[in-house]
Amino acid sequence: MNIGSNSKYPSSALSNFSGHRFVIDDVQCNSMEGFLQSLKFSSILMQQEVCKLVGLGAKFRGKKKKWYKTQTLYWKGVPMTRKSEAYQILLNRAYNAMYEQSDSFKKALHLTKGKLTHSIGKSKQNQTVLTTSEFCGRLMKLRDNGLLSPTVVTKKLSILSKPKYDLMVDFDSTLEFEDVQRFVRSVINGGYKVGVCTTRNKEPKFLGVIDHEYNEDLFKVTDMLKIARGDIYFTEHVDKAIFLKGYDVNILLDDCEHEIKQLIKRCSKITGVLYKKSNNWKNNIKNLIRNEKV
């Protein structure tokens, strides 16, 4: 049976476009397509909204996201590579949730027999968030064997694990300046891990417009410094001391005195360094990370 949204039942009901409600990690999804497209968004709020979409509305909402350039996808703000074990396990968990919670999906699935195909799908992982084999293979395993496994990642590969950053840098009035860019490049060249944390919104929905040039000034700089998109964090106007609490960060360089003071009060494990043209911020960071190459 060839699965497609324009085919007859039950084939049509097994399309990811079909509306089957399920909850995964406390996030409401109204279709598998909504869930899959949401993985292209690093913004947690935007991801939750996309999860509620169905059919073409979901597909077109994520269509222009260029995730394939970095092969990075996200779940609840945590980045993961497309070809990782963690991503495959997330797919297992999502299909298990839909199978267990949606009677309409389960009923349609058990009305099928034999091999399932999807003629319009793609076969290469680096081109799609779900290949035909990943899609059809999961459906047949659910139908014939019950719930998919594995559903737990080892600690080393855990989707919830976060990278360790020697230095986290603010963008506006900090990394946007060339002196900071030169310094950050030298830190990276010294073998240290650098990330970017900005209070900006990741997506332009808060502006009430669709602007595909949104944050392009930031990405132009980070691409030049070869800082991966997965190492860029948007707090969406939440104080960094709160946002970074669950992250392994040694130093935050920021031009905002409020952010530095909040670190002392709320997240003392991160050392804040205030950026000003006139102060000794470079030497402060050099001493903190003890990088002789900087």
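A residue counts as partly exposed when its relative accessible area lies between the buried limit, under 20%, and the exposed limit, over 50%. Lysine 282 falls in this class, with a relative accessible area of 35%. The model described here is predicted.

The protein has 294 residues, and 49% of them count as buried. Its secondary structure comprises 12 helices and 11 strands. The C-alpha atoms fill a box of roughly 70 × 40 × 35 Å along the principal axes. The accessible surface comes to about 15,000 Å². Carbon and sulfur atoms account for 50% of that surface. Contacts between residues at least 6 apart in sequence were also examined; 63% of them join residues at least 24 apart. The protein carries 49 positive and 30 negative charges.

Helix α8 was examined in detail. Helix α8 spans residues 178-189, 12 residues in total. From first C-alpha to last it reaches 16 Å, close to the 16 Å expected at 1.5 Å a residue. Its buried residues are Asp179, Val180, Gln181, Phe183, Val184 and Val187. An α-helix has 3.6 residues a turn, so residues three or four places apart point the same way. Several elements contribute to the cover over the buried residues of α8. Among them are the strands β6 (167-169), β7 (194-198) and β10 (251-254). The helices α7 (171-175), α9 (216-224) and α12 (281-289) also take part. After α8 comes glycine 191, whose phi is positive, near 95 degrees.

The lysine is found in helix α12. Leaving aside residues up to four places away in sequence, lysine 282 touches Asp179 and Phe183. Both of these α8 residues are buried. Lysine 282 and aspartate 179 are 103 residues apart along the chain, yet their C-alpha atoms are separated by 9.9 Å.

Cysteines were then checked for pairing. A disulfide is a covalent bond between the sulfur atoms of two cysteines. A pair is counted when the sulfur atoms lie within 2.5 Å. By this rule the count is zero disulfides. Cysteine 256 shows the reasoning: its sulfur is 12 Å from the closest cysteine sulfur, in cysteine 197, and therefore too far for a bond. Cysteine 256 is partly exposed, at 28% relative accessibility. Cysteine 136, by contrast, is at 5% and so counts as buried.

Proline 10 is found in the segment before β1 (19-24). Proline 150 sits in the loop between α6 (132-145) and β5 (164-165).

Positive phi values also occur in residues other than glycine. Serine 173 has phi near 65 degrees. This serine lies in helix α7, one of the elements covering the buried residues of α8. Its relative accessible area is 30%, so serine 173 is partly exposed. Glutamate 236 has phi near 55 degrees. Glutamate 236 lies in the loop between β8 (232-234) and α10 (240-243). With a relative accessible area of 15%, glutamate 236 is buried.

How values were computed
Residues are numbered from 1 along each chain as its sequence is written. This is a predicted model: local features need pLDDT of at least 70, side-chain atom pairs count only at pLDDT 80 or more; totals for chains, interfaces and linings use all residues. Side-chain values use heavy atoms; hydrogens and water are left out. Helices (H or I, at least four residues) and strands (E, at least two) are DSSP runs, numbered from the N terminus. Buried means under 20% relative accessible area, exposed over 50%, partly exposed in between (1.4 Å probe, protein chains only). Contact means heavy atoms within 4.5 Å. Accessible areas come from the Shrake-Rupley method with a 1.4 Å probe; for residues, only the protein chains shown count as cover. Lys and Arg count as positive and Asp and Glu as negative; His and the chain ends are not counted. The place of a charge is taken as NZ of Lys, CZ of Arg, CG of Asp or CD of Glu. The expected span of a helix is 1.5 Å times one less than its number of residues.
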